[in-house]
Structure formats: structure tokens, C-alpha cells
Amino acid sequence: MRQYLAKILAESGTLSVQDIILHILAAALLSFAIYLSYWYTHTGTAYSKKFNVSLATLTILTGTVMTVIGNNIALSLGMVGALSIVRFRTAIKDSRDTTYIFWAIIVGICCGVGDYLVAGVGSAVVFLILLLFGRVRNENRILLIIRGGKGLGLEMERLVFSYFNKKALLRVRNTTVDRVELIYEMPRKVWQLNYKKSVDIADALYALGDVEYVNTVAQSDEISG
């Protein structure tokens, strides 16, 4: 039994030069597909070229590590122990970035063990799914923030409802002794009704008199880093 275990641990899993080159080249080729997919589907503020390049290199590095490990149990245990002490604290800017990270790692593992067909077919399916749905964005929302005299509260609400056909949702109403602040939320398509009016909503609100400010804020689900 001891001799059998010693034989397993001594197995080097050495591959030929041709196999090593094939593993790494396959990982590099598929990493280019990951790079193109990330670049094409991320056109918003969350796109990071550095992160995209990191995905490509992560694929190649994972494939290289798997090629080194091969079927050597000792190396695999040592690699797990080495990687377990490394802490990654890079902030994920977009939930889709997690998908790309797993995609890069899985492709690298498949190429590292020589399963090119699995890596190719899986990457093709993921690429098509992201191509179809990756560019779908959540519609930006508009926040309309108004602060004015407390006595104008009802007048401001009537004006906003008339401008946006009662589709503007009142989210917050803050009041003090003499001031009131209204915060409305609406989809961008509702906000576009403002452009069809002869007078801008801000000018119309200021015309009421004691209006301190009118702010508009575009809000989306993207997180900037």
C-alpha cells in the first residue's frame, strides 16, 4: 500500500512539448473570444479594459497551471495550499463580471486538461447567450428633486403631475417648518414628455415663486469604481 501511494505521489504527469503548446494555445484562442465578448457586451460606464485584459490572461494562466498539475496529486495539493493563502479583494463593478471570471477559469481548466471540445462548445454557447442578452440594460431612471416654500407644496405636485401625465412617482416628501422637498422617480421615457412641452419643467417650477432649486439625476444599476 505504501509503495502504491509513493508511486502515485511520484507521478510527474509530464506532457510532451506539443501537448503543452496545444493546451496553452487553445486557452489563448478562447481567451480572445472572452475578450471580444466582454468588450462588445459592456458599453456602459462599468467597462474596464484592464479587467478585460486580466480575463484573457487569467484564462491562459489557469490553463498553464492545469497543464503543470496534470495528474500529479502532490502538485495539486501544493497548488491548493498556495492559492488558499491568497486573498483577492478586487471590487466587482458589474454582476456580469462574475460570469466572465468563472468563464475564464473554466476554459483554462478545460484547456489545461486537454478537453478542447468541452471548452469550445461551452464557450460558443456562453458567447451566443451573452451576445443576445449581454447588451440588454436596465432602463435608466430619472430623479426629479424639488425644494421650495412649504406653501407651494401642492402647487408643485400639481405641476409635476400635469407635466408627466401622473406617471411621476413621488418617492420622498421632506418638510421643515417653512420648506418642502419633493423627490420624484420616473422612467426615462416618461421624463422625455418634458421635451414635448413649450416650457421646461424647471422653468415652470421657478415661475411659481419661492422655489429654491430643481435638480434632475440620472440613476442606473451600474456601479462605478
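A salt bridge here is a side-chain nitrogen of Lys or Arg within 4 Å of a carboxyl oxygen of Asp or Glu. Keep that cut-off in mind for the pairs further down. The model is predicted, so local features need pLDDT of at least 70 and side-chain atom pairs count only at pLDDT 80 or more, while totals for chains, interfaces and linings use all residues. Residues are numbered from 1 along each chain as its sequence is written, and side-chain values use heavy atoms, with hydrogens and water left out.

**Layout**

The protein chain has nine helices and four strands. Here helices (H or I, at least four residues) and strands (E, at least two) are DSSP runs, numbered from the N terminus. Read along the sequence, they come in the order α-α-α-α-α-α-β-α-β-β-α-α-β. Among contacts (heavy atoms within 4.5 Å) between residues at least 6 apart in sequence, 75% join residues at least 24 apart.

Of the 225 residues in the chain, 32% are buried. Buried means under 20% relative accessible area, exposed over 50%, and partly exposed in between, with a 1.4 Å probe and protein chains only. The accessible surface comes to about 14200 Å², and carbon and sulfur atoms account for 64% of that. Areas come from the Shrake-Rupley method with a 1.4 Å probe; for residues, only the protein chains shown count as cover.

**Cores**

In soluble globular proteins, nonpolar side chains tend to be buried together. A nonpolar core is a set of buried Ala, Val, Leu, Ile, Met, Phe, Trp, Tyr and Cys residues joined through side-chain atoms within 4.5 Å. The largest one holds 23 residues, and L144, I146, M156, F164, Y184, M186 and I201 touch the most other members. At least two core residues come from each of β1 (141-149), α7 (153-163), β3 (179-187), α8 (188-191), α9 (201-206) and β4 (211-219). Apart from this core lies another, of 15 residues, including L30, I34, Y100 and C110.

Which residues does Y184 touch, not counting those up to four places away in sequence? Its list is I142, L143, L144, I146, E157, V160, F161, A168, L169, L170 and R171.

Helix α5 covers residues 95-112, and its 18 residues should span 26 Å at 1.5 Å a residue; the end C-alpha atoms are 27 Å apart, which agrees. (The expected span is 1.5 Å times one less than the number of residues.) The buried residues of α5 are D97, Y100, W103, A104, V107, G108, C110, C111 and G112. What covers them includes α2, α3 (49-69) and α6. Just after α5, G114 takes a positive phi of about 90 degrees.

L36 sits in helix α2 and is partly exposed, at a relative accessible area of 33%.

**Salt bridges**

The structure holds seven salt bridges, and three of them are tabulated here.

| Pair | N to O distance |
|---|---|
| R141 and E185 | 3.1 Å |
| R158 and E155 | 3.0 Å |
| E185 and R171 | 2.5 Å |

E185 lies in strand β3 and R171 in strand β2, so their pair ties together parts 14 residues apart in sequence. E185 also pairs with R141, and that pair links strand β3 to strand β1, 44 residues apart. Buried or exposed: where does E185 fall? At 15% relative accessibility, E185 counts as buried, while R141 is partly exposed at 24% and R171 is exposed at 53%.

R158 and E155 are three residues apart in helix α7, which means they are separated by about one helical turn. Separately, R147, R179, D210 and E212 are linked in a network of salt bridges.

Most residues other than glycine have a negative phi. N165 has a positive phi of about 55 degrees although it is not a glycine, and K166, also not a glycine, has a positive phi of about 65 degrees. N165 lies in the loop between α7 and β2 (169-175), and K166 is found in the loop between α7 and β2. N165 is partly exposed at 47% relative accessibility, whereas K166 is exposed at 71%.
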